[in-house]
Every structure is written in structure tokens, then in C-alpha cells.
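Hi,

Here is the structure I promised to pass on.

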Amino acid sequence: MSRTQVVIIGAGPAGLLLSHLLAADGVESVVLETRSRRYVEARVRAGILESSTVGLLDSVGLGERLHREGHEHRGIYLQWPEERHHLDFVDLGESSIWLYGQTEVTRDLGRAREAAGQQISYEISDTALHDVGTDRPYVTWTGGDGRPERLDADVVVGCDGSFGPSRGTVPAGSQQTWERTYPYAWLGILADVAPSTDELIYAWHPDGFAMHSMRSESVSRLYLQVPPGTDLATWSDDRIWDALAVRLGHGQEGWELTPGPITDRSVLPMRSFVATPMRYGRLFLAGDAAHIVPPTGAKGLNLAVADVALLAPAVSALLRGDPRPAEAYSDTALRRVWRCTHFSWWMTTMLHSTGDPFDDQLQLSQLRRVCGSEHAAAELAANYSGLPIGL
Ligand code: RFL
Ligand code: PHB
């Protein structure tokens, strides 16, 4: 029977960063992951890092490539037909944000953990958590070679995203969940073309929301609001670029959207979800395993980082015999989770067309208010650029 101090389920950003932070505190962990390392590192997802996320990565030696290859943005554009406004977070007294893909964060973490000799088992199956309500939890799984495995630990951390088994291990009576589904989805593309904008554009349009993001000087990332369950086959490349051009305002005041070859496309459902508390006995939940936000606020990855920044010292203290930070973890983390849940819901409902003309007018009124009032703009900027880690 093998034993470690902490078993971490999931090698996404939350799990990898947690193993890194624990190691810096002298705590041993083993990471278990169903997918291959290549798959995990290639998964196209988030793109925006808050300043506190960047600060944390810097402080643990993970910021070097980010500063070299990432891009610092002072703010975002908000637009609706005929009007585009730049919100400069720095001028509004808030922090800048960084454009650096989740793929790159995961690669940096993967390399750092490999160099440190971190034990990570990829391509495992049948992950099951046992006795997490006791002081002797353990995890079983089937290894890549088909052999059954068991690992006993002091603590198990579920960093296994929204579909992993950890959250479901908590008995129903010991967990409460909140959920909101939205009547729209995003069609996201990656394209081999230089971005047509210097900073992200969030666009309200009666046809539906559109967003222009990017990954580098030569790779653009764009999104279109589509109905949930949209079949990608019904969206040809031309249809996608035409819709983006209309919604993003191609031709207005000389602005042009340059199309290019699409290299990746997917449809993403949108939902808000929170499970509380984020602890049950010796099981702690972090990142998407505990909460999901719609991507409109760029919060998911940043929340996962904020969770593990709180959790790592709490677990270290617990293992040294001080249970207080671990007892405070869930309540402390949830204050930020609910703030980001509200902000993501607010951005989402302000920007996505519902087809109801009354909603259109309310949304346009809200957008004009945000772009016309320094106070309203500063509130968006503070939430978007990120609240302090310990909020
Ligand atoms: P992850 O990244 O989902 O990682 C969970 C890992 O657990 C593994 N796993 C298991 N491992 C072992 N045994 C099992 N039984 C397992 N079941 C699952 C999975 O394979 C996976 O590797 O969760 P984590 O680490 O909590 O990280 C969360 C972020 O990935 C997520 O919140 C963000 O990507 C959300 N998000 C965004 N966040 C931002 O901060 N800024 C953004 O701009 C942003 N844009 C986005 C996004 C998410 C998107 N999608 C696809 C959901 C844009 C998109 C399109
Ligand atoms: C992205 O670059 O993928 C991205 C950026 C901001 C968002 C969502 C996604 O709000």
C-alpha cells in the first residue's frame, strides 16, 4: 500500500499549480489525470490572466515566459452598433490584465513540475475516492498499464473540473448546489490571422454577442453567440466570418475584420454553478470542480488559481497540526467565487441578445451607463482586472 500526503485529482491549472505550491511548502503530493499530458496542454480555453494571478505565478517562479511572450492589456473595448468605447482599467485606477493562453500556463506548470520530479500519473481511469469523511482517505484507479492502484493520503483535493468524480463523493445532504443555465452558447474559433484589434472587443449586437480575442500576433480567437446545441456543421467558415464581421462592426469608421484560416472550432454551453461547502472532511474542492462561470467575465481560470492560492497554505497548516486555515478555506474562497459568479452573470446578461426588445433597451442603457460614467466603468474594471487574492 502506498502513501502520500496529498492526492490531487486532475492535472488542469488548479491541480498542477496546487502541486507546485505545496512542494514549495515541503508538502508531497501525487497528481492523477485521466487525459494525456499532450491533450491537457493543447486544450484551447481561457486567455486572460488577472494581475493577481500574474503576481502569484511570478512569486513562485512561473512568470518568466508569461512576461516574455504574453501581452499586457490596459483594458477592453465595449461596443454596440455604431459605437465602440475603450475602458482603460489603468486610467480608471485599476490594474492591467495579461493575455496569455491557458495552454501556455499549463505548459509552464507541466515543465516546472517535471523538472521538480513531481509524480503525475496521466491516462488513468476508474478514479474513485474513498473514506474522505474520515482521517484516512484513499483513492483507487486503474493505471495506464491496466493495473489497479491505491494511494492513501492525509488529504485529497478534487481539481477534476466540472465532470470529475470528486464533487459527487460528497454525500448529498452535506452539499448544496446553485445553478443557472443560459439560453445561449458560444461558437469559438481559433484562426491563423493577425488580430484586427489591439485589445479584446466585447460586442453587443441584435443578432447576438460577438467577441474578438487573440493568442498572439498571428493567432486570433473569436466567439459568436449561438443557440445552445448548435450543430457546427451548419456554420461554414464563410458564415462564421460574415456573422463576426456584422456583429463586430466591419466597415464602421474604417475598422476592418480580417478573416483567416480557422484551425479549431467548438460550441461551448454557458452556465453558472456553485457547490458548497468546498470541503467535506479530508476532501477539498478547487477550481471548476466546485464552480463554473460563463466565460464572458474571463474568470474561470483566475478563480481556479485564487482557490489553490488559499488552499495550499491551508493544507500545509493542517498537516502541521493547525486546522484553522483549512476550516476557513471554504467560506473565504466562496466570497470571491460569488463575487465572480455575479460579475460573470452580469457581463453575460448585459451582452447577450435574448430576442426580447425590452431586454435590448435595458442592455443598451446599461452599456451606455458603463461607458458614460467613470464610477460605473470603474466597477467593471475592478471586477474584470481582479480583486485581491484574499478577498
Ligand atoms: P480543468 O482545466 O477542467 O481541469 C480538470 C482536470 O481534471 C481532469 N479529470 C480527471 N482526472 C482524474 N480522474 C478523473 N476522473 C478526472 N476527471 C477529470 C480533467 O481531464 C482535467 O485535466 O479545471 P481547473 O484546473 O479547475 O481549471 C479551470 C479552467 O480550466 C476553466 O475555469 C477556464 O478554462 C474557464 N475559462 C476561462 N477562464 C478565465 O479565467 N479566463 C478566460 O478567458 C476563460 N475563457 C474558459 C474560457 C473556459 C472555456 N471552456 C472551454 C470551458 C473559454 C472557454 C472556451
Ligand atoms: C479568450 O481569449 O479565450 C477569452 C477572453 C476573454 C473572455 C473569454 C475568453 O471573457
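Pro277 sits in the loop that runs between strand E18 (262-276) and strand E19 (279-280); helices here are DSSP runs of H or I with at least four residues, strands are runs of E with at least two, and both are numbered from the N terminus. The peptide bond joining Thr276 and Pro277 is cis, with omega at about -10 degrees.

Before you dig further: this is a predicted model, where local features need pLDDT of at least 70, side-chain atom pairs count only at pLDDT 80 or more, and totals for chains, interfaces and linings use all residues. Residues are numbered from 1 along each chain as its sequence is written, chains are lettered from A and ligands numbered from 1 in the order in which they are written, and side-chain values use heavy atoms, with hydrogens and water left out.

Next, the phi angles. Most residues other than glycine have a negative phi, and most peptide bonds are trans. Asp131, not a glycine, has a positive phi of about 50 degrees. You'll find Asp131 in the loop between strand E10 (125-130) and strand E11 (138-142). Its relative accessible area is 44%, so Asp131 is partly exposed (buried is under 20%, exposed over 50%, partly exposed in between; 1.4 Å probe, protein chains only).

Ala298 also isn't a glycine and has a positive phi, about 60 degrees. Ala298 is in the loop between strand E21 (291-292) and helix H8 (300-319), and counts as buried because its relative accessibility is 18%.

Cheers
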